[in-house]
Amino acid sequence: MSTQVTPHAAARAATNKLVESLRVHAGKPLSLGQHDPDATCGWQKEEAKAELETVKARIDVLQRRLFAEEKHSLLLVLQAMDAAGKDGTIRNILAGLNPAGIEVSSFRVPGGPEMQHDYLWRVHAATPAKGMIGIFNRSHYEDVLVVRVKQFVPKSVWSRRYEHIKAFEQLLTDEGTTVVKCYLNVSEDEQRERLQERVDDPEKRWKFRMGDLDDRKLWPKFQEAYHDALVRTSTDDAPWYVVPADRNWVRNLAVAKILLHHLEAMKPKLPPEEEGIAGLVVT
Ligand code: AMP
Ligand code: MG
């Protein structure tokens, strides 16, 4: 038997290793301080950009199958501090995929009917239908992050939510949705630079709100809230990943690989063909 490793198998093994290294393991201690936001994962910039295209090509194949099969869906949750690159990640890893199979939902400060329901109401309504990849730009996690840090509700209320969230995500998993969660880990220094860039560049200024500075002042409290959310809600079925986010090209490739890893595990299959189609001559 040949022991030669095919390039495809080697790439898959490398992806598995990377994904494993970024995963938050349920029940294990987590030190966010030990996750370097500036890490390169051993990649070089130009090679990483080229590899992103290869990874995306494979995601494209699997997305087509997922869409055609219409049995399962995938939900990718992106959470991060301001300017960590949630929008950039979405733009970079989804460009070129079939837009009909992707749904991006952004969650802002709740208003109107959202306020008149429980905090999962708007989120459940936005979960991906069978065949779809759904991306959450912020999510139900805001209800244990900003809501906790800014004390919008008392501790007795937010502290119960970790269990709700776990149960909610388990429901999604049980009913056919693969749930994958990425925390884009940007450093405080890099955030300052990016916020300054938003202020300085008239084309980017619309992204900046004065309130961003208030959140920035609460950095340690947010880190604590992220830590608790990641530790308490990372499960085998709905894992969290800590993605280094100070370098956009690292962040993009890492998230793309995590997405690919989970799509591969879903093994989407094209639906069975009608009998008699193969070999048919269309006249
Ligand atoms: P952005 O994503 O930068 O457009 O900003 C959206 C803002 O909405 C952020 O400041 C979030 O913290 C805030 N937000 C999102 N969800 C909630 C929520 N459930 N409660 C309070 N604020 C929220
Ligand atoms: Mg913002």
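The largest pocket of this predicted model has a volume of about 1,500 Å³, and of the 50 residues that line this pocket, Asp82, Lys86, Arg108, Arg138 and Arg209 are the closest to its centre. A pocket here is an open set of points, on a 1 Å grid over the protein atoms alone, where a 1.4 Å probe fits, with protein on both sides within 12 Å along at least five of seven lines, and lining residues have an atom within 4 Å of a point. By class, the lining holds 24 charged, 17 nonpolar and 9 polar residues.

The second largest pocket has a volume of about 260 Å³, and the closest to its centre among its 14 lining residues are Ala11, Arg12, Thr15, Leu260 and Glu264. Helix 1 (7-22), helix 2 (45-69) and helix 11 each give at least two residues to this lining, which divides into 4 nonpolar, 5 polar and 5 charged residues.

Elsewhere, Ser234 lies in the loop between helix 10 (219-233) and strand 6 (240-244), and because its relative accessibility is 3%, Ser234 counts as buried (under 20% relative accessible area, with a 1.4 Å probe and protein chains only). A polar atom of the Ser234 side chain lies 2.6 Å from the backbone oxygen of Val24. Beyond its neighbours within four places in sequence, Ser234 is in contact (heavy atoms within 4.5 Å) with Val24, Ala26, Ala229, Pro239 and Trp240.

Residues are numbered from 1 along each chain as its sequence is written. Local features need pLDDT of at least 70, and side-chain atom pairs count only at pLDDT 80 or more, whereas totals for chains, interfaces and linings use all residues.

Definitions and conventions: Chains lettered and ligands numbered in written order. Heavy atoms only, no water. Helix = DSSP H or I, 4+ residues; strand = E, 2+ residues; numbered from the N terminus. Buried < 20%, exposed > 50% of the residue type's maximum accessible area, 1.4 Å probe, protein only. Polar contact = N/O pair within 3.5 Å; in protein donor to acceptor, adjacent residues only side chain to side chain. Points joined across faces, edges and corners; volume = space filled by probe spheres on them. Nonpolar A, V, L, I, M, F, W, Y, C, P; charged D, E, K, R; others polar.
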